[in-house]
Amino acid sequence: MLPSLFISHGSPMLALQPGASGPALQRLAAQITRPKAIVVVSAHWESHELLVSGSAAPETWHDFGGFPRELFAVQYPAPGDPQRAGEIVERLHADGLAARIDDKRPFDHGAWVPLSLMYPEADIPVVQVSLPSRMGPALQTRVGHALAGLREQDMLLIGSGSITHNLGELDWHAGPESIEPWARDFRDWMVDKLTADDEAALHDYRRQAPHAVRSHPSDEHLLPLYFARGAGGQFNIAHQGFTMGALGMDIYRFG
């Protein structure tokens, strides 16, 4: 059975400058069974309702600005999978979750940037599930539970976000050895609670975790972690690190 993954996708420049994350993602892809399909919950598809991408050929969306021209030339032409998208909606409905197909949704960079490093051939079908971020961690845990059975069908479930994400406090010139203490403290608290499988504390992280609001002024980049945890099994750390002083680049494996 495939694990589920939480991937900190960092800046879109990860696609061109993968740093330590690139080799870590490549190793992870080599360690696990090649998936028949991939399901991604990305921090960059926030929604009011639960949506599932149903396009057979999603476009590569460069949903950012201010980066080099070379980045806008990157394409990730993986196919979609309308049939599996329909099955995902059925599983969500079976768990009492209202969901519907969005047949026009392109791949946002939270999906295609990490996948371009793991599976550069772009030949594995990819389906995205949206992030109703206002509904918080508990919903994402529930969505993960509802879709966990897909792992038995050799489908890889990925939550793509960031273990810390405060763009206003980044040092764009900091090296990987430079880590803000408040960001490290938050990351370490999350790892401790994930290791202990303390769901109550994890769901209440904004009140209990040190520097929670500083680490996540808004929580859309942390919520995909709850999807991955809900879909998976035992917690393991696949990679740890920071870039730009405070942008966490951790990768976690569940199961």
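Modeller: Buried means under 20% relative accessible area, and the model discussed here is a predicted one.

Colleague: Does F254 count as buried or exposed, and at what relative accessibility?

Modeller: The cut-off for a buried residue is under 20% relative accessible area. F254 falls under that cut-off and therefore counts as buried, its relative accessibility being 1%.

Colleague: What is the geometry of the aromatic pair that F235 and Y252 form?

Modeller: A search of the whole structure finds eight aromatic pairs, and F235 with Y252 is an aromatic pair whose centres lie 5.1 Å from one another. Planes over 60 degrees apart count as edge-to-face, and the planes of F235 and Y252 stand at 75°, which makes the pair edge-to-face.

Colleague: How many residues apart in sequence are the parts that the pair of F235 and Y252 ties together?

Modeller: F235 belongs to strand β7 (residues 235-239), whereas Y252 belongs to strand β10 (residues 251-254). F235 is buried at a relative accessible area of 12%, and Y252 is buried at 0%.

Colleague: Is the pair of F235 and F254 stacked, edge-to-face or tilted, and which residues form one aromatic cluster?

Modeller: The ring centres of F235 and F254 are 5.7 Å apart and their planes lie at 45°, so this pair is tilted. F235 is in strand β7 and F254 in strand β10, so here the parts tied together are 19 residues apart in sequence. One aromatic cluster is formed by F6, F235, Y252 and F254.

Colleague: Which residues is L225 in contact with, leaving aside its neighbours within four places in sequence?

Modeller: With its neighbours within four places in sequence left aside, the contacts of L225 are F6, I163, M190, L194, Y252 and F254.

Colleague: Which residues lie closest to the centre of the largest pocket?

Modeller: The largest pocket holds about 480 Å³ of space, and its lining is made up of 10 nonpolar, 10 polar and no charged residues. Of the 20 residues that line this pocket, those closest to its centre are L14, Q17, G19, T243 and M244.

Technical notes: Residues numbered from 1 in each chain as written. Predicted model: local features only at pLDDT ≥ 70, side-chain atom pairs only at ≥ 80, totals over all residues. Heavy atoms only, no water. Phe/Tyr/Trp six-rings, centres within 6.5 Å; stacked < 30°, edge-to-face > 60°. Helix = DSSP H or I, 4+ residues; strand = E, 2+ residues; numbered from the N terminus. Buried < 20%, exposed > 50% of the residue type's maximum accessible area, 1.4 Å probe, protein only. Contact = heavy atoms within 4.5 Å. 1 Å grid on protein atoms, 1.4 Å probe; cavity = no way out; pocket = protein on both sides within 12 Å on 5 of 7 lines; lining within 4 Å. Points joined across faces, edges and corners; volume = space filled by probe spheres on them. Nonpolar A, V, L, I, M, F, W, Y, C, P; charged D, E, K, R; others polar.
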